[in-house]
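Me: Can you walk me through this one, taking the open spaces and then the sheet? I'd like the cut-offs spelled out as we go.

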Amino acid sequence: MIRDVSSALDFALNKGFQIHPNALRILEQIDVKELEKIIKQVVREKERQKLFLISQQDLEVFLGIAEDEILDDFHEILFDPTTKIATAEGVDGFTALFSSRYAKLKKIISNRPESKMLKSISAVISTKSKEEIYVCGLVTDRKTDRNITKITIDDITGSIETIVIDEDLQSVASSLLMDQFIMEKIVAAKNGGFIVKDIILPDIPDHLPNRSKTETYALFLSDLHIGSKYFMEKEFLEMISWLSSPDPIARRVRFIVLGGDVVDGIGIYPNQDKELVALDTSAQLQMVFDILDKIPKHIKVFIAPGNHDPGRRALPQPAIPAKYNPNLWGRKNFFMIGNPAMVSLNGVKVLIFHGQSIDDIVKTTPGLSYDKPAKVMQYLLKARHMSPIYGSQTPIAPELEDLMVIDEVPDIFHGGHVHVIDLDLYRGVLILNSGAWQAQTPFQTSVGITPTPGMVVLVNLKTFKVYTKDFASKN
């Protein structure tokens, strides 16, 4: 470590600076990757003062060690499905679910001026007007043959098949998801049927994000998979140790958002037991607590479930049940929430969704891949729904209310599941997928998934600057 510090100090030494031994001890505690940048900034400031000794006080002032600044750390859980889940049964349950989805999304799209010209599907079919009109509903079928796409949509009054001929609309039509809500501008064709003139998605409007009043940081994690022999425990503990270091960013972290798959689970896939170091759910969660308990107590930790965690697997998921590990629920700075959930961190609204539906969308939508999960998450914002496709790989419970609709526009949309870090900005919303803390597994190798494990994503909640910090490259 001392050799690494000496190498990083060359910039200051070559400028004729002396470094006090007490200052050197502080520098030895800082991440080597940050040293060069910090030293250059300190040197520039001292050159302006025409002072050529870097003292302990200089570094304490620069790093904020001498006197911690006051950082806001207030939070509010805006939405958590745990207490709202009201599952129905059979056909009646799914009728209620899709009726709720239709009503919620129609309300969202009603903010658009075109909605004033909306007609019910039954009215359109019965009147056969020659004027351009608007209909809306859920996509129940989409077929493309050569340069023509046929889209069938349903509303509460009936079903209608529409035809997309326009070349400019073909790309939009081909990317529509099953069970997605859309609004169409249509006109009756001379030989029967209805021609689509425009396709309008609920989408999010251009958004000006809320911001923290102080430069507080939130750290985003997902997919720890504790209990798996591929869990990167050494690197994860190094990350926790960094949170207690004098690093200027680490000292400003007040929130950690953990987006699911905290454990590897039991019986999730064939022969999983061969890849586990703990063969019991409670044992895995005890390992989770023992590790997360090392996080400094001044940092608030929000823990959502994923498809590997105990409890209900169908969406929406309640929080991980307390019966598996009461300690997780008993820690004052731990907040157990469901999936999806929305929290406010110093006023910044964060939508947390593990991301199970990414599987369905990648498999059915041309041009999307696991390598760019943020692009898939952008589709979810456009659809205003976190799991629009029903009947595919993602299990969806027949709730009386569709709790997967994105009613409120977030400032940050956080996902995981695919083990790949990715960032995007869409209409003012910061989209981030926070990767994983599980090394590449044999299954991932077999299907060609290359994860980016051992990294954290940090967001300055005041400036919205995003940083990634790699703890895997050291080892």
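Me: Which helices each supply at least two residues of the lining of the largest pocket?

Reply: This is a predicted model, where local features need pLDDT of at least 70, side-chain atom pairs count only at pLDDT 80 or more, and totals for chains, interfaces and linings use all residues. Residues are numbered from 1 along each chain as its sequence is written, and side-chain values use heavy atoms, with hydrogens and water left out. A pocket here is an open set of points on a 1 Å grid over the protein atoms alone, with protein on both sides within 12 Å along at least five of seven lines, and a lining residue has an atom within 4 Å of a point. Helices are DSSP runs of H or I with at least four residues, strands are E runs of at least two, both numbered from the N terminus, and the two helices asked for are α12 (358-364) and α14 (442-447).

Me: And which of the pocket's residues lie nearest its centre?

Reply: The largest pocket has a volume of about 820 Å³, counted as the space filled by probe spheres set on grid points joined across faces, edges and corners. By class its lining has 9 nonpolar, 13 polar and 8 charged residues. Of the 30 lining residues, the ones nearest the centre are N307, H308, D359, H417 and F443.

Me: What is the volume of the largest cavity?

Reply: A cavity is a set of points where a 1.4 Å probe fits but cannot get out. The largest cavity is lined by L9, A12, I19, L27, I39, V42, I54 and L59, which gives 8 nonpolar, no polar and no charged residues. Its volume is about 50 Å³.

Me: On to the sheet: which strands stand at the edges?

Reply: The open sheet has 6 strands in the order β3-β13-β14-β15-β17-β16, with mixed pairing; two strands pair if DSSP finds at least two bridges between them. Each edge strand has a single partner, so one side of each is left without a neighbour in the sheet. They are β3 (75-79) and β16 (421-426).

Me: Which residue in β13 stands opposite H75?

Reply: β3 pairs with β13 (residues 341-345) in the antiparallel sense, over 4 bridges. The residue opposite H75 is L345.

Me: Which helix packs on the sheet?

Reply: The helix touches β15 (412-415), β16 and β17 (429-434), where contact means heavy atoms within 4.5 Å. Its direction makes about 40 degrees with that of β16, using axes fitted to C-alpha atoms, for helices over the stretch in contact, and angles from 0 to 180 degrees between N-to-C directions. That helix is α13 (residues 373-383).

Definitions and conventions. Ala, Val, Leu, Ile, Met, Phe, Trp, Tyr, Cys and Pro count as nonpolar, Asp, Glu, Lys and Arg as charged, and the others, Gly among them, as polar.
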